[in-house]
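Me: I would like to go through the charged side chains of this structure. Could we begin once it is on screen?

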Amino acid sequence: SKTNLYLTEADQFSARNYKPLPVVLERGEGVWVWDVDGNRYLDMLSAYSALNQGHRHPAIMAAAAEQMEKLTLTSRAFHNDQMGPFVRELCEATGYEKALPMNTGAEAVETAIKAVRKWGYQVKGVPEGKAEIIVCENNFHGRTTTVVGFSSEDQYREGFGPFTPGFVLVPYGDIDAFEAAVTANTVGFLVEPLQGEGGVVVPPEGYLRRTAEVCRERRIAFMGDEIQTGLGRTGRLFCCEWEDVRPDVLIVGKALGGGVYPVSAAIADAEIMDVFQPGDHGSTFGGNPLGAAIGRASLRVILEERLSERSDELGAWFAGRLREIDSPHVEEIRGRGLMIGVVIKESSGTARPFCEALQARGMLAKETHHQVIRFAPPLTIDRETLEDALVDIEAVLTD
């Protein structure tokens, strides 16, 4: 088969920093992908939620093609006619005053960290070099050296130190632990409203609301990392909306590029964003005309096609159907919207063999945190397709 040729080549010439399922994809459309041997699969991962709009959404592809005919890159040394409209539309959709466009999610997180630290020094008055940002155990905010330094996952850190100081780790979902960690030097609280890579972990009811209140009382910037949970994935435009929380800094990426191109942003009001002066921070590709045009179209599709509402309705129905499956292997089903984790009992082994069994039946899902099968299809999926998928899922979970 062609597949083995590609797998051998990748194995020989690529760093082995991933352990993908042994499938080599060459084409995608909507919720479907095809491998080099012509087999069709249902995509239940959506590139970690970067494909909320589905593969090659016609409106996003058209915007990309149109922009590629005109102008793709200017750098930030000059203005382009797409970035202004993009940041305006982003601010209008999210309700903030300013947006700083970047490329990858990790860059947006780094941007938020820099903004909040500088705000802590210049506006809040924390002594230089003393700023602290509280983060949660089991977090995933990216792969840069700063970000892995405050991961609680040993493998993400091992061999990559020394690490950036100034981060305080507390258990996720524990309000008391959060309050106990706050000091006069705390400038920010960086949190995922639902931990995706951590295993689709939903915090206790009221956790986000209460920590946001403490942040307001103690003048701490609440930094919502909505890179994976945002833009409709959890049944709201942003997952923080489930508890009526408005982050001081909103961090977005993944689906902002519609699965076509990396587009991310840190979004905040002027009080925080105005700490940046020319030369403080930047990116050659951030806000480039191609990325901005794609970002505009990606955002428009989510809003116009009401993908948040679709995710809410379909997700609630799908999770309910999953809970009806009588499986000896399943510990619990958790998540929000179309971000659902099926937790496999440790006595049944890891989630990997279940994902391999699903692949054999034409469905691509990827395990996270060893025990969790994550189901996160494009938000454009329809109920009939999920009905069909449930047949295969039930077969695999009850085998």
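Reply: Asp-11 is partly exposed, because its relative accessibility is 41%. Please note that the model is a predicted one.

Me: Which residue forms a salt bridge with Asp-11, and how far apart are the closest N and O atoms?

Reply: The partner is Arg-16, and the closest N and O atoms lie 3.2 Å apart. Arg-16 counts as exposed, with a relative accessibility of 66%.

Me: How many salt bridges does the structure hold?

Reply: There are 22 salt bridges. One of the pairs is Arg-306 with Glu-309, at 3.6 Å from N to O. Glu-309 is partly exposed, since its relative accessibility is 32%.

Me: Which residues are linked in a network of salt bridges?

Reply: One such network links Arg-88, Glu-89, Glu-92 and Arg-296.

Me: Turning to Lys-118, which residue is its salt-bridge partner?

Reply: Lys-118 pairs with Asp-280, and their closest N and O atoms are 2.6 Å apart. This pair connects distant parts of the chain, as the two residues are 162 residues apart. Lys-118 belongs to helix H5, while Asp-280 sits in the loop between helix H10 (270-273) and helix H11 (289-304).

Me: And their accessibility: what is it for Lys-118, and what for Asp-280?

Reply: Lys-118 has a relative accessible area of 23%, so it is partly exposed. Asp-280 is also partly exposed, at 30% relative accessibility.

Me: Where is Glu-110 placed?

Reply: Glu-110 lies in helix H5, which covers residues 105-124. Glu-110 is buried and has no salt bridge.

Me: What is the nearest side chain of opposite charge to Glu-110, and how far away is it?

Reply: That side chain is Lys-114, 6.8 Å away.

Me: Which side chain does a polar contact join to Glu-110?

Reply: The side chain of Thr-144 is joined to Glu-110 by a polar contact of 2.5 Å. Leaving aside residues up to four places away in sequence, Glu-110 touches Thr-144, Thr-146 and Val-147.

Me: A change of topic: is Val-116 buried or exposed?

Reply: Val-116 is buried, because its relative accessibility is 0%. Val-116 is found in helix H5.

Me: What does Val-116 touch, not counting residues up to four places away in sequence?

Reply: Val-116 touches Val-187, Gly-188, Ala-221, Met-223 and Val-249. As for Phe-78, its C-alpha atom is separated from that of Val-116 by 26 Å, and the two residues are 38 residues apart along the chain.

Key
Residues numbered from 1 in each chain as written. Predicted model: local features only at pLDDT ≥ 70, side-chain atom pairs only at ≥ 80, totals over all residues. Heavy atoms only, no water. Helix = DSSP H or I, 4+ residues; strand = E, 2+ residues; numbered from the N terminus. Buried < 20%, exposed > 50% of the residue type's maximum accessible area, 1.4 Å probe, protein only. Lys, Arg positive; Asp, Glu negative; His and termini not counted. Salt bridge = Lys/Arg side-chain N within 4 Å of Asp/Glu carboxyl O. Polar contact = N/O pair within 3.5 Å; in protein donor to acceptor, adjacent residues only side chain to side chain. Contact = heavy atoms within 4.5 Å.
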